[in-house]
Amino acid sequence: MSMLVRTATAIIGGYGIAAMAAITLSWCLPWSRAENVTAGLLAGLLLWPAMVMLGFALRASLHVCIAITGIAAVLAALALLGGWRP
Amino acid sequence: MRPGFRAAMTWLHDWTGILTGWVLLAIVLSGTLSVFRSEINVWMRPELAGRTADPVRATIAAIDWLHDHAPRSPAWYLTAANPRAPFTWAVWQQPDGPFVQHALDPASGAPDTIRDTLGGEFFYRFHFELQIPYPFGRLVAAVAAMALVLALVTGIVAHRRFFADFFTFRPHKGQRSWLDAHNLLGVTVLPFHLVIAFSGAVTLASLLLPWGILSAYRGAPAQFQDALSPAMAARPATGTPGTLAPMEPILHEAARRFGPDGIGQIYVYNPGDAAATLIAIGGNGRHVGFDSHVLRFDGTTGRILADYREHRPMISTFATLYGLHVARFAPPLTRWLYFVCGLLLAAVIASGLRLRTLRRRRQGKSTEAVERLNAGMIAGIPVAFAGYFLANRLLPATLPDRAGHEVQAVFTLWGLMLVLAAALPSATGWRVLSVLAMLALGGVAGFSAPWLNGIDQGAAIVAILLAAGFGYAASRRPAPGGRAR
């Protein structure tokens, strides 16, 4: 059961962070819109597997939830500062 | 590294591999064949043997033919003839809706001198669409590519003696030998595996992670495509009929501006409209990046509307990663390296799947069902893919929807192999399917006769080597207790 929760958190939470990073870079980078979006795409692709690994590297499931939520919150805050309105 | 971390990564590696191994195997094998997409295109059209084509002349012939036979199609998409492919590949829409794709004769521009086949395009499309409707097939492929990245990185962590295993292979030791093989194949070509997996995800990135595009372009993602390739943006049709300008000066101007890159593709939008647009895309075989020099012409006057080359650093980075995957730049030797590395990746995946069942069997768990499916996939896919080549030669040239039947042959055979593998005990199933794969591949080598040109010789050599591999596999007798010796 705990493995199931962890797997779901790692995969779905990891995808959420990748998506959020794509949005954040699209709004916060200094280049043209198309370039910012492209940079966001590449960063998201790198982050997803990395976040899945993080989800399995931390010892307690609670820590995974905190880490994923924390990273997503920081990214969302940066995106909001960059002008993103969800 | 604390042991808990390695154990967690090993667990992740195993499960990622098991859940995506079969679909990855199909993707990797079709991708490996796509390396020689052009060569397969020619192999599957023996009536083109010995012909050469001038790209400009062939394109003019193709446009003339389409002008007479498909004037109402909203667009004609042409891939120009080149030294690797002496024909024009055309895609157009029929008045009643469906798209047609066919090779057009370089001299007459007509499709009827060349047999109806998808050739290497089948493997290329299957590689990232898996014959599943858009966008689901591509999403499956994109997730599989990400899973492969994850499996590779966690595999590095799980692997204890990374460098020592470069030199380690202990044959005839059952599970130990399979693990050695899995490690050896995985480690030696690891940089290729990592690059091909990540760059594969890059080719489908905008589908997998559309959120940046949707938010920055406020729900109008088409604008992102236009911004990526500014010269490609087509004009909307006006509804007023128009006449296409003479093609010869346009194409000569395009060929002159592209220089040694040559003409890659020609797209004609709204050919019968006053706002007809012709997009000429330069070849991208002379640099790693996938980006091309693009020209946009006014289709009715022949005037140049745009001339664009990519220079933006971030877009070029993306194009370079994309280009590393599709390998348009690759000269023959590099192409063979891609091909061999692709086969090795398939072997890594297959040995990983095999390893899993061996380990579980040693733990006393039942693995028979998985092992049967393993046989149906690992030996079944090669049978089905070889069957595609055989169908190309066996189906009558005038059969209606011939190309569709060739594709059907692949999936019918694949289904039959899975049924056969499911019905037989796994040890027998492995042997029967390996023999079938050997025979099918032998057939491909035979149909490559008379082996006069490089393509036929290459196809025959690859088919014979793979057939020998399956023959060897079929000749091995599993040790008592079901463990391979």
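Pro135(B) sits in the loop between α4 (121–129) and α5 (136–158) of chain B. Helices here are DSSP runs of H or I with at least four residues, strands are runs of E with at least two, and both are numbered from the N terminus. The peptide bond that leads from Tyr134(B) into Pro135(B) is cis, with omega near 0 degrees. Most residues other than glycine have a negative phi, and most peptide bonds are trans. Chain B holds another cis bond, from Ala449(B) to Pro450(B), with omega near 5 degrees. Pro450(B) also belongs to a loop, the one between α17 (426–447) and α18 (454–475) of chain B. Then look at Asn270(B). This residue is not a glycine, yet its phi is positive, about 45 degrees. Find Asn270(B) in the loop between β4 (263–269) and β5 (277–282) of chain B.

A word on what you are viewing. The model is predicted: local features need pLDDT of at least 70, side-chain atom pairs count only at pLDDT 80 or more, and totals for chains, interfaces and linings use all residues. Residues are numbered from 1 along each chain as its sequence is written, chains are lettered from A and ligands numbered from 1 in the order in which they are written, and side-chain values use heavy atoms, with hydrogens and water left out.

Now step back to the whole of chain B. It contains 18 helices and 7 strands. Its radius of gyration is 24 Å, close to the 23 Å that the globule rule gives for 485 residues, so chain B is as compact as a globular protein of that length. The radius is taken over C-alpha atoms, and the rule is 2.2 Å times the number of residues to the power 0.38. Along the principal axes, the C-alpha trace of chain B spans about 75 × 55 × 40 Å.

Chain B is split into domain 1 (1–44 + 117–225 + 341–364), domain 2 (50–115 + 230–309) and domain 3 (366–485). These bounds come from an automatic or database domain assignment. The centres of domain 1 of chain B and domain 2 of chain B, taken over C-alpha atoms, lie 35 Å apart. Their contact (heavy atoms within 4.5 Å) takes 9 residues from domain 1 of chain B and 7 residues from domain 2 of chain B.

How much area do domain 1 of chain B and domain 2 of chain B bury between them? The figure is about 690 Å², with 53% of it on carbon and sulfur atoms. Buried area is the accessible area (1.4 Å probe) that two parts lose on being put together, summed over both.

Charges come next. Side chains of opposite charge can pair when their charged atoms come close. A salt bridge here is a side-chain nitrogen of Lys or Arg within 4 Å of a carboxyl oxygen of Asp or Glu. The rule finds 1 salt bridge across the interface of domain 1 of chain B and domain 2 of chain B. Glu39(B) forms a salt bridge with Arg84(B), and their closest N and O atoms are 2.9 Å apart. Helix α2 (residues 37–43) of chain B gives 4 residues to the side of domain 1 of chain B that touches domain 2 of chain B, the largest share.

Another salt bridge joins Glu253(B) to Arg257(B), with the closest N and O atoms 2.8 Å apart. Both residues lie in helix α11 (residues 247–258) of chain B, 4 residues apart, about one turn of the helix. Over all chains, the search finds 19 salt bridges.

Turn to chain A. It has 3 helices and 0 strands. Its C-alpha atoms fill a box of roughly 45 × 20 × 15 Å along the principal axes.

How do the chains meet? In all, 29 residues of chain A are in contact with 39 residues of chain B. About 3000 Å² is buried between chain A and chain B, and carbon and sulfur atoms give 79% of this area. On the side of chain A, Leu41(A), Leu45(A) and Met53(A) lose the most area to chain B, together 22% of what that side buries. The count of salt bridges between chain A and chain B is 0. Helices α1 (2–28) and α2 (33–57) of chain A each supply at least two residues of the side that touches chain B. The largest share of that side, 17 residues, comes from α2(A).
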